[in-house]
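Hi,

Here is the structure I promised to pass on to you. Have a look at it first, and then read on for what turned up in it.

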Amino acid sequence: MRGRGAQAVDRQSRAVVDPEGRPQRVALTAAATGSWLLRGNDDRLSVYALVEGGVHRWTETAIGSGRWTGPDLFPAEGLTGLAVAQGANRYVHFLGRREQRSGEGVPKVDLLYAVQYQSGRTLGDWRSLGNPYRDPKDAVTLGMPTAAVDGQGTVHVFVSGGPGGVMLRRESRSGAWEAWKDLRGGSVAGGLAAAANSVGLIELLAPGHRSVMRWVQTERGADLRRAQDLVPAPLPGSAALLETAPGTFTAYWSEQSGTGVYAQRPGEWAFPAGGAPGYGPHATLRATLDGYDCTVLAHQGRDGTAVLGVCGTGAESGGLWWTDTGVTCTGTPALALDGQGRVVMAAVTADGAVLVNRQRPEPGLALSDWDRLPDD
């Protein structure tokens, strides 16, 4: 088993070199969507990002060390977007939106899927999940996917497109993929957000033009059903989920007219939580700070910088304490707890660098200086 794994790394994870054998820098094109800073089954953190020609990965050399190996390149040509998701077993699932062009015609668009089972090891083979839209004019409008893994280990892939509504494809218990299913709903404005709670049930948010559409799973293995929409109207693509009590998600989104972040739990009214977010979703995390259960949010602010917010979990109605990191970022920052329980934040800068900082041993949430991950 170990020998075959080593061969797979040699086959699929490679550095890019010039004709004289010198490493070349591969341009990083975007942060992934979803939680692209993840802790593996050995408690080491990994960072994933979309680059020209595939996916880059950096992995901690030891638990909480702050030192990183990589980047490892996993080739996948034609990716225009990357989403990352993780199940309870900490396998990492990759969904890529791919465009293939031949001549001047309409590009062929589909979704690619791969999985990483262990930290620092290779991905499985990429495979196509197709496109739920058969008409070429609809197929090219395919949006960015998102994914969640339920308590039974079943991968659920969600995507929207020009025809409107949300499409679902999920992996069956046998490992085969079921056919695409239309969850319906109205026109989707921006990215989807999906997550599984500690009970193993999935929830899905889809920002619309007047509200955030919502689907929930009420028992394991059941189909998702439409639940009550969330208002006020969201900024496109700004929705996020965080489990803030056993089996209960809090939804977060940015209000359309610019009044800030809103939060809502089932059975409660939506309430403003402050902040001045720009475009894109929010990274979410629960962490113990000074002995208190706290919620941490991060997003790209209106000025393009990475912004961090903290409050007691369940106490968003009192507002969050917001801090601007001053680092200009591309896309949404990422948050995770390292293997020693410390908050870690990652951001992709405008020049394509990946920066990471970590909680210092001080009261509150004090973060270290940013470290730049190696880029070749």
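**What turned up**

The charged end of arginine 226 sits over the ring of tryptophan 215, at 5.0 Å from the ring's centre. Before you go further, please keep in mind that this is a predicted model.

Now to the aromatic rings. How many aromatic pairs does a search of the whole structure find? The search gives five. One of them joins tyrosine 91 and tyrosine 117: the ring centres are 4.8 Å apart and the planes stand at 85°, so this pair is edge-to-face, the term for planes over 60 degrees apart. Tyrosine 91 belongs to the loop between strand E7 (79–86) and strand E8 (92–100), while tyrosine 117 belongs to the loop between strand E9 (108–116) and strand E10 (127–130), so the pair ties together parts that are 26 residues apart in sequence.

Another pair to look up is tyrosine 113 with tryptophan 177. Their ring centres are 5.1 Å apart with the planes at 70°, so this pair is also edge-to-face. Tyrosine 113 is in strand E9 and tryptophan 177 in the loop between strand E13 (166–170) and strand E14 (181–184), so here the parts tied together are 64 residues apart in sequence. Tyrosine 113 and tryptophan 177 are both buried.

Next, the cysteines. Searching the whole structure for disulfides gives zero. For cysteine 294, the nearest cysteine sulfur is that of cysteine 311, which is 7.4 Å away, whereas a disulfide needs the two sulfur atoms within 2.5 Å. Cysteine 294 is buried, with 9% relative accessible area. Cysteine 329 is buried too, and its relative accessible area is 4%.

Last, a residue further along the chain. Asparagine 357 is part of strand E29 (residues 354–358). Its relative accessibility is 4%, so asparagine 357 counts as buried. Which residues is asparagine 357 in contact with, leaving aside its neighbours within four places in sequence? They are Val343, Val344 and Met345, along with Leu367, Ser368, Asp369 and Trp370.

Enjoy exploring it!

Best wishes

Terms used. Residues are numbered from 1 along each chain as its sequence is written. This is a predicted model: local features need pLDDT of at least 70, side-chain atom pairs count only at pLDDT 80 or more; totals for chains, interfaces and linings use all residues. Side-chain values use heavy atoms; hydrogens and water are left out. Rings of Phe, Tyr and Trp (its six-membered ring) pair if their centres lie within 6.5 Å; planes under 30 degrees apart count as stacked, over 60 as edge-to-face and the rest as tilted. Helices (H or I, at least four residues) and strands (E, at least two) are DSSP runs, numbered from the N terminus. Buried means under 20% relative accessible area, exposed over 50%, partly exposed in between (1.4 Å probe, protein chains only). A charge sits over a ring if NZ of Lys or CZ of Arg is within 6 Å of the ring centre and within 35 degrees of the ring normal. Contact means heavy atoms within 4.5 Å.
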